[in-house]
Structures are given as structure tokens and as C-alpha cells.
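Subject: Handover of a structure

Dear colleague,

Please find below the structure that I am passing on to you.

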Amino acid sequence: MMAMIAMLRVELRRLLLRPWPWVLAAAVLGWLGWNLLLGLGEFLKAQAHLATLPAAPGYTDIVAVPLLAQFAEIALLLVPILSMQSLAGERRAGTLPLLLAQGLPAAAIVLGKYLAQLLWLWLLLGLVLLLPLLLAPATHLDYGKLAAAALGIALLLAALLAVGVAASAFTRQPVLAAALALALTLALWAGAAQGRAPQLSGPLLRWLSLPTHLQPMLRGLVATQDLAYFGILVALALGCAVQRLARERAVG
Amino acid sequence: MLSPLTLGLRAGEVLGLLGVNGAGKSTALMLMAAVLAPDAGRVELNGVDLAEFPNRARDHIGYLPEQAPLWPELTVREQLDAHGRLRGRRGAALSVARDELLQRLDLAPLAQRLCAQLSLGQRQRVGLACALLHRPGLLVLDEPGNGLDPLQAERVRALLRERAADGAAIVISTHLLAEVETQCTRVAILHEGALRLDAPLHAHAGEWRIAVQPGESERARAVLAPLAQSIAIEEDARLRVQLRDGVDVAAVAPALLAAGVALRGLEPAAWTLAQTFAHIAGGGAARAA
């Protein structure tokens with residue numbers, strides 16, 4: 001446990017000192033801020049029409065949650081870029097043998113790196129959440145629905161990052177790790193197309209797809225099976241990364 | 001790929017590991033440092049199998065790979081702190097050890113510099129400081145002299161001598177034979193993945209082969225008896241002489257000449273390290289293996 005915390009501290013420190021994660025974060029926040037303004041404009045324009053509807057969607061449905069959904073789509077690209085360095089970068093720089101030489105268990109190395117990057121992603125999610133929350137005093141915000149959506153995005157980030165770290169464990173080229181993570185992520189996201197081609201997706205494929213478990217949370221529904229799905233995905237991906245790293249110590 | 005090899009190291013011993021490129025030195029070092037686990041056999045530290053208890057490495061082994069790998073985003077001080085914490089060191093003990101090494105390795109002026117901005121020699125010293133930080137009982141160093149100028153190299157040698165005197169066992173892999181001769185108490189030579197030589201470095205120090213005129217071997221023996229611990233006549237006119245401790249070889253020729261024995265040759269009985277290495281690297285069998 002202490003080894004994992006030490007690894008987490010080192011990784012967090014390195015992450016906070018690198019410029020490019022902050023550049024990415026600024027770009028994401030800038031893009032989402034601009035989209036918030038656009039969404040807000042649409043919402044204000046539709047006010048007259050919405051006033052005639054008996055159960056009209058509000059600010060949360062039209063502006064806040066779609067903004068989080070946009071962040072989810074950006075995360076499909078952002079997370080592989082962030083995670084590509086985690087183990088592949090260490091291996092390429094020659095620092096991985098040094099970590100192994102310190103007798104750190106493979107699980108401590110993987111979990112320390114994973115948690116540090118997850119904390120950074122959740123910090124970014126917190127900043128993204130601030131955007132719709134800034135207007136909370138001026139509008140009616142459905143906090144329950146927003147919390148469910150935020151939980152869904154937080155779990156999505158955890159799952160994407162676990163896949164990214166696992167991809168990074170299998171190569172020494174960060175770019176290759178990012179490409180592999182992106183390919184896996186897109187495969188898991190493919191279920192999003194099921195609405196357009198239901199004949200191509202059976203129940204198993206539907207269950208495996210990320211959107212199947214994210215969409216209910218974006219609608220405000222938190223189900224145990226969706227939480228379990230994300231938990232299983234994270235555990236499987238991190239388990240693969242740990243096994244790969246342990247094997248590296250064994251066979252070089 | 002390494003052939004089966006047995007290599008033991010006692011506290012305070014400094015082993016020089018030699019071999020041509022691709023001989024298996026780095027693999028052997030990574031096995032000793034518990035970076036790799038062996039396919040077969042055991043790597044033991046104080047009787048404990050490192051494959052079974054890799055955490056032992058955390059406390060007792062310091063490892064410096066050939067190219068000191070450092071995290072470029074951290075400063076030198078942060079680098080040392082990070083390594084200390086990963087080794088389970090905390091608080092004042094970590095600060096004291098870190099500051100001492102910064103001073104000893106002349107890194108104090110660089111403490112706030114990012115590791116990405118360091119030269120090769122500076123990186124090497126930081127890597128060495130990381131390996132020494134937790135006062136390990138076993139130091140595994142791959143080319144520690146890489147990029148060091150003569151003054152820095154001497155600082156490093158002095159520090160390693162101190163650690164060895166404190167009881168640390170040290171393994172140094174290098175291509176510099178002079179570094180082995182000045183620094184090590186034992187030498188091992190690997191060739192094509194196999195251990196070809198493992199011997200005390202100065203086992204034959206003081207042993208000389210002396211050639212005299214035919215028929216004068218007995219007289220030479222009598223003349224040299226006061227200077228020698230042992231004298232063997234190998235063949236006619238050739239003697240193998242082990243000088244007493246403190247007797248300089250420079251005393252041999254005057255003693256023989258004063259007794260009227262003509263000296264025809266004087267050379268170390270043992271091969272030099274350079275000769276041994278060249279012989280093994282050239283595919284010959286080792287004399288001391």
C-alpha cells in the first residue's frame with residue numbers, strides 16, 4: 001500500500017509538472033466553454049416554445065447534460081493521449097527497470113500510475129462541471145440528474161483510462177499505445193451505432209458497449225448493473241496491465 | 001541468454017564484471033538487481049530468494065543501469081526524494097541522506113535543476129545518488145564511470161570505497177580495465193553468456209617469473225631466499241618466486257647481480273588483467289576459472 005501511494009505521489013507530481021496535460025485541459029475547457037455558450041443561446045431561443053410544453057426539458061437536459069456528453073466524446077481521444085506515456089513511456093525512457101529494481105510490486109506501479117492519472121482526469125471533470133454550475137443561481141438545475149451524469153462520466157473516464165494503461169503495458173512505443181487504446185475504445189463505443197443498425201448488434205455486443213451503460217446515467221438513472229460493468233472493465237484492464245508487467249520482470 | 005553460472009559476493013567485496021559487448025553482463029546485473037527473475041536457478045540475498053521476496057530488493061539493493069534513467073520533469077532534489085520514498089524512506093532520514101549525497105557527488109549546485117537539462121556526467125551522478133540513497137547492502141552498477149571527468153570519477157571511487165569499507169558488496173560492470181584494477185577486489189569475466197573467470201584480482205600480486213643463466217638456478221634460489229616467501233624452479237634456469245610482503249621487485253635484480261648471477265628475464269608470473277581479458281575474449285580458456 002505504501003509503495004502504491006509513493007508511486008501515486010511521484011506520478012501525480014510528474015503529471016502536474018508536464019505542460020502538455022495542461023494544454024490539453026485548457027483546450028478541452030475552451031471548447032466546452034464555447035459550446036456552453038452556443039447551447040445556452042439555443043436554450044434561450046427555445047424558451048417561448050418550451051413554455052407551451054407540459055413537461056418541458058429544462059437547463060439540465062438541454063445544456064448541462066449534453067455538455068457532459070460532449071466531454072465524454074472528447075475523452076475517447078483525450079484519455080488514450082494522456083495514458084500512452086504511463087508504462088510505454090517509462091519503458092522507452094528506461095525508467096521501468098529502475099522501478100522494478102526497487103522491488104515495487106507490479107500492482108503498485110500500475111495502480112499508482114492509474115490513480116494519479118485518474119485524479120487528474122477527475123479534476124478536469126470537476127472543472128468541466130463548474131461550467132454549467134456557474135449558471136445555477138440564475139436557473140433551475142436538476143442536481144440529481146447532473147450528479148448521475150457526472151458519475152457516469154467519472155466511471156467512463158476510469159474505464160477508458162484503465163484500457164489506456166493496459167494498452168500502454170503491452171508496448172514500448174507511446175504512440176502505438178495510444179493507437180491501441182483508441183482502437184479498443186472505439187470498439188467498446190461501437191455499440192453507439194446499434195440504434196442505426198440494430199441487426200448488427202446482439203444482446204452481448206449491446207451489453208459490452210460503453211454507451212449502453214453510460215446513457216442511462218446521462219438520463220439520471222443509476223443502475224447497479226451499469227456500475228458493475230464499469231467496475232469489471234476497470235478490473236479486467238488493470239489486471240491485464242499488472243500481469244504484463246509482472247511477466248516483464250520474469251522474462252525480460 | 002546466460003549459461004548457468006554461480007557467482008557469490010561477500011560484504012565489503014568489490015567485484016568487477018568484464019566482458020565484450022553482448023557477453024551477458026547487463027543481463028547478469030539485472031538478475032542480481034532483481035529487475036529480471038531467472039528462468040532457472042536462484043538469486044539469493046543473505047540467503048533469501050529474490051524471486052520469492054522481490055521486496056527485499058527495495059531495501060537492500062541499489063541499481064544503476066548503463067544509462068542512468070531519470071524522470072525529466074523532476075528536479076535533481078525531487079528525483080532523489082521520489083526514489084527515497086519509493087524505497088520507503090521518509091522525513092528527516094531521507095533529507096539527511098539526500099543532502100549528504102548531493103554534497104558528496106557535487107550535485108548541490110544542481111539540486112534545483114530539471115533532470116532534462118543535465119549533461120551525461122551529471123545524470124550519471126544523479127543516478128548513482130539514487131542507487132546509494134538508502135544505503136543498500138548490495139550495489140549493482142552498470143558502467144558507473146560513464147561520462148564522468150577524472151575528478152568526478154575519483155569522487156565516485158572514493159564514495160564507493162567508503163561504502164565497501166562500511167560492508168556494502170559492490171558489483172561494477174565496465175569496459176575500463178584500469179577501473180577494475182584500481183577499484184575491485186575480485187574480477188569476473190563473462191564471455192558468450194558463460195562465466196569464464198572468477199578470481200581475486202590480486203591473487204598473484206608479488207609473484208614473479210625469473211630467468212637466469214642455465215645451471216644457475218640453485219645459486220639464484222639461495223640468493224633470493226631472504227627476499228622470497230617461496231621459490232619454485234619450474235625448469236632449468238626458470239624460477240617462480242613469491243616475494244615476501246613489503247619486498248619490492250626492484251630489489252631482485254641488484255641482489256642477483258651482486259652475487260654474480262646473470263638475470264635474463266623478469267616478468268609477473270600471473271597474466272595481467274588485460275592479457276587475461278584478451279585471451280578469454282579471443283576464445284581461449286581461462287586459467288583461473
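The notes below set out what was found.

This is a predicted model, in which local features need pLDDT of at least 70 and side-chain atom pairs count only at pLDDT 80 or more, while totals for chains, interfaces and linings use all residues. Residues are numbered from 1 along each chain as its sequence is written, and chains are lettered from A and ligands numbered from 1 in the order in which they are written.

Confidence

The model has an ipTM of 0.75 and a pTM of 0.76. Chain B has an average pLDDT of 84, and 93% of its residues score at least 70; pLDDT is the predictor's confidence in each residue, from 0 to 100. Within chain B, strand S6 (residues 169-173) has the highest confidence, with a mean of 94, and helix H2 (residues 55-60) the lowest, at 72. The pLDDT falls below 50 over residues 285-289 of chain B, a stretch that has 10 contacts in the model beyond near neighbours in sequence. Two residues are in contact if their C-beta atoms, placed from the backbone, lie within 7 Å. Helices (H or I, at least four residues) and strands (E, at least two) are DSSP runs, numbered from the N terminus.

Chain B as a whole

Chain B contains 10 helices and 12 strands. Its C-alpha trace spans about 75 × 45 × 30 Å along the principal axes. Of the 289 residues in chain B, 41% are buried; a residue is buried if 20 or more other C-beta atoms lie within 10 Å of its own, exposed if 12 or fewer, and partly exposed in between, with C-beta atoms placed from the backbone. Among contacts in chain B with a separation of 6 or more, 68% join residues 24 or more positions apart.

Chain B is divided into domain 1 (14-200) and domain 2 (207-268), with bounds that come from an automatic or database domain assignment. The centres of these two domains of chain B, taken over C-alpha atoms, are 44 Å apart.

Where the chains meet

At the interface, 25 residues of chain B are in contact with 23 residues of chain A. On the side of chain B that touches chain A, H2, strand S4 (61-64) and helix H3 (76-86) of chain B each supply at least two residues. That side consists of 16 nonpolar, 3 polar and 6 charged residues. Here Ala, Val, Leu, Ile, Met, Phe, Trp, Tyr, Cys and Pro count as nonpolar, Asp, Glu, Lys and Arg as charged, and the others, Gly among them, as polar.

Nonpolar cores and the helices of chain A

A nonpolar core is a set of buried Ala, Val, Leu, Ile, Met, Phe, Trp, Tyr and Cys residues joined through C-beta atoms within 7 Å. The largest has 140 residues, of which A:Ala159, A:Ala162 and A:Val165 touch the most other members. Helix H8 (residues 143-169) of chain A contributes the most to this core, with 17 residues. Leaving out residues up to four places away in sequence, A:Ala162 touches A:Tyr114, A:Leu233, A:Val234, A:Ala237 and A:Leu238. Another core lies apart from the largest one and has 13 residues, including B:Ile210, B:Ala220, B:Leu239 and B:Val261.

In H8(A), 20 of the 27 residues are buried. From first C-alpha to last, H8(A) reaches 38 Å, close to the 39 Å expected at 1.5 Å a residue; the expected span of a helix is 1.5 Å times one less than its number of residues.

The buried residues of helix H9 (residues 174-189) of chain A include A:Pro174, A:Leu180 and A:Thr185. Those buried residues of H9(A) pack against helix H4 (59-83), helix H5 (88-93) and H8 of chain A.

A:Leu121 belongs to helix H7 (residues 106-133) of chain A and counts as buried because it has 24 C-beta neighbours inside 10 Å. Beyond its neighbours within four places in sequence, A:Leu121 is in contact with A:Val79, A:Leu157 and A:Leu161.

Two backbone angles in chain B

Most residues other than glycine have a negative phi. B:Arg135, although not a glycine, has a positive phi of about 45°; B:Arg135 is in the loop between helix H5 (120-132) and strand S5 (138-142) of chain B. B:Glu143, also not a glycine, has a positive phi of about 55° and is in the loop between S5 and helix H6 (150-165) of chain B. B:Arg135 counts as partly exposed, with 15 C-beta neighbours inside 10 Å, whereas B:Glu143 is buried, with 21 other C-beta atoms within 10 Å.

Yours sincerely
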